[in-house]
Amino acid sequence: MGWRGTLQLRYDQLEHGTTLAFEHDGPLRVLRTLYPEGTSVCHTVLIHPPGGIVGGDTLEVAITVGRGAHALLTTPGATRFYRCDGQAAAQTVRARLAPGARLEWLPQETIAYPGCVASNCWHADLAADAEVLAWEVCALGLPQAKQPFSSGVLHQSMAVDDIWLDEGRLHAGDDWLLNGGPGLAGHRALATLVLASGSPWTVERREHLLATVRALLPTALEPVAAGATCPHERVLVVRGLAPMVEPLMALWQRLWAALRTAAWGLPAPALRLWRV
């Protein structure tokens, strides 16, 4: 039998700043809450003590951000989907933002080990003027350890309300997808970054955000092939591919910092966890 873990997080904006209340059941925990920017933004470090997700494990995270509150969530290490024998493994994150709330979902990378059968889903529901800045960075296999993604399947999805859905099924046996030019073209690390709002942006703001991102994207296809677009008047998306996860994560951190300032006028603190 697998582990079942649930974690419910509730952020509220009070007179002295953003506060967190939470409940958990099973192997999901809040390691620490930090306030490196003062009390207005609650930085939260989430941990999964078993260290990996195996067949039969089901992890569910429910995030509620109250009116005017601002939460930033990250993890101290990668999310690891290990080889599964029989049942699939699943992680689901659902975020609900009240009017004027802000959420930053910035976990370390997800690693799909050879032989995994896994589902990794994230969804945000946004009220008016709420905004979310989130990413998903994924590595297929462990190329440096000579463990290629030779078997297994990873289902991934990211969604905002009912206006944007990014979903894919990465099957190790799909050579056209993994190695074909219209697919991953031989890359084994991929990433998505999304900035979304509960209310439409003006054309001027949308163009400013796009210009901010595109100024940081590589002009060549190495070491990262990446592009940005606004598929909806409330959504900006950046997609990237690379042979290894490290250059992707480095670029995504720069994009996060630039968008944080361009969208919200906030500096980007150097998170110590990312430097370990």
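This is a predicted model: local features need pLDDT of at least 70, side-chain atom pairs count only at pLDDT 80 or more; totals for chains, interfaces and linings use all residues.
View 1. Helices (H or I, at least four residues) and strands (E, at least two) are DSSP runs, numbered from the N terminus. Picture its C-alpha atoms in a box of roughly 50 × 45 × 35 Å along the principal axes.

**View 2. Where D161 sits.** Look for D161 in the loop between strand 13 (153-160) and strand 14 (164-171). D161 has 18% relative accessibility, so it counts as buried (under 20% relative accessible area, 1.4 Å probe, protein chains only). Across the chain, 53% of the 276 residues are buried too.

View 3. Skipping neighbours within four places in sequence, D161 is in contact (heavy atoms within 4.5 Å) with H123, A124, D125, L126 and R234. Its side chain makes a polar contact of 2.4 Å with the side chain of R234; that term means a pair of N or O atoms within 3.5 Å, one able to donate a hydrogen and the other to accept it. A polar atom of the D161 side chain also lies 2.9 Å from the backbone nitrogen of L126.

**Notes on the views.** Residues are numbered from 1 along each chain as its sequence is written, and side-chain values use heavy atoms, with hydrogens and water left out. Local features need pLDDT of at least 70, side-chain atom pairs count only at pLDDT 80 or more, and totals for chains, interfaces and linings use all residues.

Terms used
Buried means under 20% relative accessible area, exposed over 50%, partly exposed in between (1.4 Å probe, protein chains only).
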